[in-house]
Amino acid sequence: MFGLLGPNGAGKTTTVEILEGYRARTSGEVSVLGHDPANRSIELRRRIGIVLQSGGIYSHITPREALAHWASFYPHPRDVEEVLALVGLQEKADERSRRLSGGQLRRLDFALALVGDPELIFLDEPTTGFDPQARRAAWETVRSLRALGKTILLTTHYLEEAQELADRVAIVKDGRVLAIGPPRELMAHPPRHPPGGEAHGLRYKIAYRDSDGEMVERETDDPTALLHELTGEALASGRQLQELSVARPTLEDVYLELTAASSGERDA
Amino acid sequence: MFWRNPSAAFFNFVLPLLFLAAGGAILAGNQHDLDKLVPSIAGMSVMSTTFTALAYNIVFLRERGVLKRIRGTPLPSISYFGGVAANAVTNTALQIAIIVLAGRVFFGIGWPSHWGELIVFVVVGVVSLAALGVAFAHAIPNFESTAAYVNAVFLPVVFVSFYVFDSASAPRFVRTIAEALPLKPLIDGLSGAMVTGAGLGSHLDALAVIAIWGVFGLYLAVRGFSWEGSR
């Protein structure tokens with residue numbers, strides 16, 4: 001699973017729509033599963049599944065009918081009941097789609113993209129506008145797609161989502177890739193921006209409440225040593241480190257560093 | 001799918017039949033007027049189940065993102081439009097059948113004397129007006145304004161065609177306009193098949209007018225087709 005992460009207007013959807021064959025590229029070469037998507041070959045469209053940011057469905061069709069109909073477009077579709085179960089829509093399978101909730105419609109989106117048994121699935125901001133609970137449920141569905149052995153291209157502006165789901169992430173802004181790699185690696189070895197410039201170095205954050213009741217936050221490259229020092233002092237003087245926490249750098253830190261640095265550079 | 005949307009079913013199917021019933025009641029006993037009424041309503045039915053219905057549907061499906069989703073599947077565009085056209089033909093055929101039956105049973109008009117002519121005019125009329133409906137959808141910017149756009153075309157065309165078809169004393173320029181639009185020739189052809197008994201040979205010019213509109217409509221429908229809404 002590959003994640004395309006960036007702020008609104010960074011060019012994520014544009015990129016995905018070029019890959020899906022909806023938009024023409026202005027320059028360069030594009031290859032998806034060995035095809036140029038601009039040719040819009042049926043061969044390629046049989047092998048991909050698309051979850052659009054806002055795709056509609058006939059108001060008067062039920063999920064089971066929609067899936068059976070969509071399945072007929074593909075040479076080797078998955079079983080409709082199996083797909084309904086996979087996205088958790090069995091109970092709503094015979095409800096007209098206009099009566100479904102937003103989350104249920106989104107699950108139908110997943111199901112429709114999946115029913116053709118594609119090798120490659122595009123998920124364009126699959127959880128935008130979801131409440132936290134619906135988002136977790138959608139993540140479960142996405143994980144189950146990955147468990148089926150599908151390649152998935154995910155775009156999102158939620159850092160947590162990219163960190164949670166993606167094996168590799170590209171951070172994009174203004175149509176350019178700022179960094180690319182597994183989330184863990186990006187966090188451990190943040191890329192320098194501009195390239196070759198000074199290392200920003202993402203650091204661990206240790207926070208606690210001191211004896212005056214003030215929150216203290218310290219950043220460090222060596223959390224073990226700092227923690228030892230702090231706890232040693234506290235023990236020696238018989239104090240508690242109230243609300244002690246140690247936070248690893250998150251993808252959010254990498255992201256904020258990179259996007260801030262790139263707009264600074266542009267403004268200069 | 002169609003019958004699951006009661007309002008669409010009403011406007012496409014029931015409304016022309018209501019016109020037929022109302023007109024029939026008003027004109028009862030006047031066979032000359034009834035002979036004019038039945039083919040006029042038949043022509044209007046063809047236009048409402050094709051031009052009006054398709055303009056509505058295409059705009060709706062486009063703005064809702066259904067067309068975009070379909071475009072992402074391996075379904076060839078030609079199959080999709082084939083389905084749309086077959087649906088229009090089926091709906092229209094059903095409706096014409098009801099009107100023919102009503103003409104026979106209630107309005108003292110015999111069975112159509114030229115079935116072949118009836119079929120030719122219905123099929124050419126459906127294809128032409130359906131293509132014009134799809135083409136017209138391109139001109140409609142969003143779903144909210146569809147009713148205004150469609151009625152701005154549909155109502156004047158219906159009025160002028162009915163008027164010229166019914167009245168021999170219509171001013172010449174109005175007659176010229178009506179003859180150049182597709183609906184009046186269609187009503188002429190249907191009238192020939194259902195009422196007057198004038199054969200296909202006497203309505204070839206009418207058929208040509210409808211066909212020219214059809215070619216024009218198909219060209220515009222294919223050329224300007226947009227799969228995505230303006231969002």
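## Ground rules and one exposed tyrosine

A residue is called buried if 20 or more other C-beta atoms lie within 10 Å of its own, exposed if 12 or fewer, and partly exposed in between, with C-beta atoms placed from the backbone. Y219(B) has 12 C-beta neighbours inside 10 Å, so it counts as exposed. This tyrosine lies in helix α9 (residues 204-223) of chain B; helices (H or I, at least four residues) and strands (E, at least two) are DSSP runs, numbered from the N terminus. Y219(B) and A131(B) are 88 residues apart along the chain, and their C-alpha atoms are separated by 8.4 Å.

Keep in mind that this is a predicted model: local features need pLDDT of at least 70, side-chain atom pairs count only at pLDDT 80 or more, and totals for chains, interfaces and linings use all residues. Residues are numbered from 1 along each chain as its sequence is written, while chains are lettered from A and ligands numbered from 1 in the order in which they are written.

## Helix α2 of chain B and its partners

Start with helix α2 (residues 31-64) and helix α5 (residues 115-137) of chain B, which pack at an angle of about 30° with their axes 8 Å apart. Axes here are lines fitted to C-alpha atoms, for helices over the stretch in contact, and angles run from 0 to 180 degrees between N-to-C directions. That angle makes α2(B) roughly parallel to α5(B), given that angles under 35 degrees count as roughly parallel, over 145 as roughly antiparallel, 65 to 115 as roughly perpendicular and the rest as oblique. On the α2(B) side the contact includes F51(B), L54(B) and I58(B), and on the α5(B) side V126(B), L129(B) and F136(B) are among the residues involved. Contact means C-beta atoms, placed from the backbone, within 7 Å. By class, this contact has 15 nonpolar, four polar and no charged residues; Ala, Val, Leu, Ile, Met, Phe, Trp, Tyr, Cys and Pro count as nonpolar, Asp, Glu, Lys and Arg as charged, and the others, Gly among them, as polar.

Next up is helix α8 (residues 183-196) of chain B, which packs with α2(B) at about 130°, the axes being 8 Å apart. The two helices are therefore oblique to each other. D35(B), V38(B) and M47(B) are among the α2(B) residues in this contact, meeting α8(B) residues including L186(B), L190(B) and M194(B). The tally here is eleven nonpolar, three polar and one charged.

## Strands of chain A

Strand β5 (residues 168-173) of chain A is mostly covered, with five of its six residues buried. Strand β1 (residues 2-5) of chain A pairs with β5(A) in the parallel sense over four bridges, and L4(A) has A170(A) as its bridge partner. Pairing requires at least two DSSP bridges between the strands. Strand β6 (residues 176-181) of chain A runs antiparallel to β5(A), joined by five bridges, with I171(A) opposite A179(A). β5(A) and β6(A) form a hairpin with two residues between them, and D174(A) in the turn has a positive phi of about 50°.

Elsewhere in chain A, three strands form an open antiparallel sheet in the order β8-β7-β9. Its edge strands, each pairing on one side only, are β8 (215-220) and β9 (242-247), and the twist averages 10° from one strand to the next. Helix α9 (residues 223-236) of chain A packs on this sheet, touching β7, β8 and β9, and its direction makes about 15° with that of β7(A).

## Where the chains meet

The contact takes 16 residues from chain A and 13 residues from chain B. The chain A side divides into nine nonpolar, four polar and three charged residues.

Note on methods. Contact = placed C-beta atoms within 7 Å.
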